[in-house]
Amino acid sequence: MQDPLLELGVVELVAALLDAGETVAAAESLTAGLFTAAVASVPGSSAVLRGGLVVYATDLKATLAGVDEAALAADGPVSAPTAIALAAGAQRRCEADWGIGLTGVAGPSEQDGHPVGTVFLGISGPDGTTCERLSLKGERWEIRTSAVATAVSRLCDRVGVDRAR
């Protein structure tokens with residue numbers, strides 16, 4: 001049976017990272033390690049995957065990923081600044097070329113005024129840091145896997161994946 005995570009484009013991402021000699025790490029909240037697991041599901045990923053931080057609890061965003069506590073208090077755990085700090089924290093703490101930060105609301109109910117499906121995706125890399133606000137649809141699992149699929153796709157774009165492989 002084919003691993004559904006492999007259908008996300010992660011095979012192409014790992015190949016591109018291998019070709020570039022680059023590495024990736026993630027700090028994940030709502031996806032709880034799913035991005036890291038998707039990358040690790042590809043044979044040969046040990047050459048590109050540095051590690052991952054599951055920072056589901058708000059305090060762990062600060063203690064493990066290095067998100068500034070004052071910023072967390074001001075902006076909240078579900079915010080663009082938090083996603084940016086998570087990405088940069090994963091990159092720095094795991095000594096990776098690329099860092100992914102994922103935070104958001106998978107449901108079943110809104111959090112801090114953010115509706116279910118709100119996700120902030122931060123990517124930190126050699127060419128700078130970006131953040132994107134996503135509005136995803138579906139149940140918890142669909143929102144989480146869609147967040148991972150989007151993270152893989154956006155990192156593929158940044159790394160320069162040739163999707164015609």
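1. Thr103 is a handy place to start: its bridge partner is Phe120, in strand E4. Strands E3 (residues 98-104) and E4 (residues 118-125) run antiparallel and are joined by six bridges. Two strands count as paired if DSSP finds at least two bridges between them. Helices (H or I, at least four residues) and strands (E, at least two) are DSSP runs, numbered from the N terminus.

2. A word on the model before going on. It is a predicted one, where local features need pLDDT of at least 70 and side-chain atom pairs count only at pLDDT 80 or more, while totals for chains, interfaces and linings use all residues. Residues are numbered from 1 along each chain as its sequence is written, and side-chain values use heavy atoms, with hydrogens and water left out.

3. Now the sheet as a whole. Five strands form an open sheet with mixed pairing, in the order E2-E1-E3-E4-E5. Strands E2 (49-54) and E5 (128-135) stand at the edges with a single partner strand each, so one side of each has no neighbour in the sheet. On average, neighbouring strands are turned by 15° against each other, direction ignored. Axes here are lines fitted to C-alpha atoms, for helices over the stretch in contact, and angles run from 0 to 180 degrees between N-to-C directions.

4. Two helices to view against this sheet are H5 and H6. H5 lies across E1 (24-28), E2, E3, E4 and E5, and runs at about 145° to E3. Helix H6 (residues 140-159) packs on the sheet too, touching E1, E3, E4 and E5, with its direction at about 30° to that of E4. Contact means heavy atoms within 4.5 Å.

5. H5 itself (residues 80-93) has 14 residues and reaches 20 Å from its first C-alpha to its last, close to the 20 Å expected at 1.5 Å a residue; the expected span is 1.5 Å times one less than the number of residues. Its buried residues are Thr82, Ala83, Leu86, Ala87, Gly89, Ala90 and Gln91. Buried means under 20% relative accessible area, exposed over 50%, and partly exposed in between (1.4 Å probe, protein chains only). After H5 comes Glu95, with a positive phi near 50°.

6. Do look at H1 (residues 10-20) as well, where Val10, Leu13, Val14, Ala15, Ala16 and Leu17 are buried. The buried residues of this helix pack against E1, helix H2 (34-40), E3 and H6. Just after H1, Gly21 has a positive phi of about 70°.

7. On to the charged pairs. The count is two salt bridges, each being a side-chain nitrogen of Lys or Arg within 4 Å of a carboxyl oxygen of Asp or Glu. One joins Arg158 and Asp127 at 2.5 Å, N to O; Arg158 is in H6 and Asp127 in the loop between E4 and E5, 31 residues apart. Another joins Glu132 and Arg154 at 2.8 Å, N to O. Glu132 lies in E5 and Arg154 in H6, so this pair ties together parts that are 22 residues apart in sequence. Glu132 is partly exposed at 26% relative accessible area, and Arg154 is partly exposed at 28%.

8. Finally, the cysteines. The whole structure has zero disulfides, a disulfide being a pair of cysteine sulfur atoms within 2.5 Å. For Cys94, the nearest cysteine sulfur is that of Cys131, 19 Å away. Cys94 counts as buried, at 12% relative accessibility. For Cys131, the nearest cysteine sulfur is that of Cys156, 18 Å away. Cys131 counts as partly exposed, at 30% relative accessibility.
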